[in-house]
Amino acid sequence: PIYSGILLAAVGTAIAFGQTRNLFALPLVLLGFWLKLHTEEQFLTQAFGEQYLAYQKSVKSAIIPYIL
């Protein structure tokens, strides 16, 4: 939820302050989050093994629910 919340806050802030050009940076932020998430998942899989893999299957997605 933290990654989704940060992205939503960034979009809301950009719109609230009329900085729509900042919206163009969001794909880069999303890419950065996705790369960080991938690294974290590798670490968690190594640390917790099958228990984490089972948890991972029960969670719909990490960044944007049902999408990414």
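Guide: A16 belongs to helix 1, where helices are DSSP runs of H or I with at least four residues, numbered from the N terminus (strands are E runs of at least two). The model is a predicted one, in which local features need pLDDT of at least 70 and side-chain atom pairs count only at pLDDT 80 or more, while totals for chains, interfaces and linings use all residues. Residues are numbered from 1 along each chain as its sequence is written, and side-chain values use heavy atoms, with hydrogens and water left out.

A16 has a relative accessible area of 64% and is therefore exposed; the scale, for a 1.4 Å probe and protein chains only, calls a residue buried under 20%, exposed over 50% and partly exposed in between. G18 sits in the loop between helix 1 and helix 2, and it counts as exposed because its relative accessibility is 53%. From G18 to I2, 16 residues away along the chain, the C-alpha separation is 24 Å.

Just after helix 2, G49 adopts a positive phi of about 60 degrees.

The buried residues of helix 2 include L26, F33 and L37, and helix 1 (2–16) is part of what covers the buried residues of this helix. F33, a residue of helix 2, has a relative accessible area of 14% and is therefore buried. Leaving aside neighbours up to four places away in sequence, F33 touches Y3, I6, L7 and I63, contact meaning heavy atoms within 4.5 Å. The C-alpha atoms of F33 and Y3 are separated by 7.0 Å, although the two residues are 30 apart along the chain.

The largest nonpolar core has six residues: Y3, L7, L26, F33, L37 and I63. Such a core is a set of buried Ala, Val, Leu, Ile, Met, Phe, Trp, Tyr and Cys residues joined through side-chain atoms within 4.5 Å. Helix 1 and helix 2 each supply at least two residues of this core, and helix 2 gives the largest share, three residues.

How do the axes of helix 1 and helix 2 cross? They cross at roughly 170 degrees and come within 11 Å, so helix 1 is roughly antiparallel to helix 2. Axes are lines fitted to C-alpha atoms, for helices over the stretch in contact, with angles from 0 to 180 degrees between N-to-C directions; angles under 35 degrees count as roughly parallel, over 145 as roughly antiparallel, 65 to 115 as roughly perpendicular and the rest as oblique. Y3, I6, L7, A10 and V11 of helix 1 meet L26, V29, L30, F33, K36, L37 and E40 of helix 2. These contact residues comprise 10 nonpolar, no polar and two charged, where Ala, Val, Leu, Ile, Met, Phe, Trp, Tyr, Cys and Pro count as nonpolar, Asp, Glu, Lys and Arg as charged, and the others, Gly among them, as polar.

Helix 2 also meets helix 3 (residues 50–58), their axes coming within 6 Å and crossing at roughly 130 degrees. Helix 2 and helix 3 are therefore oblique to each other. E41, L44, T45 and F48 of helix 2 make this contact with E50, Q51, Y52, L53 and Q56 of helix 3. Four of the residues in the contact of helix 2 with helix 3 are nonpolar, three polar and two charged.
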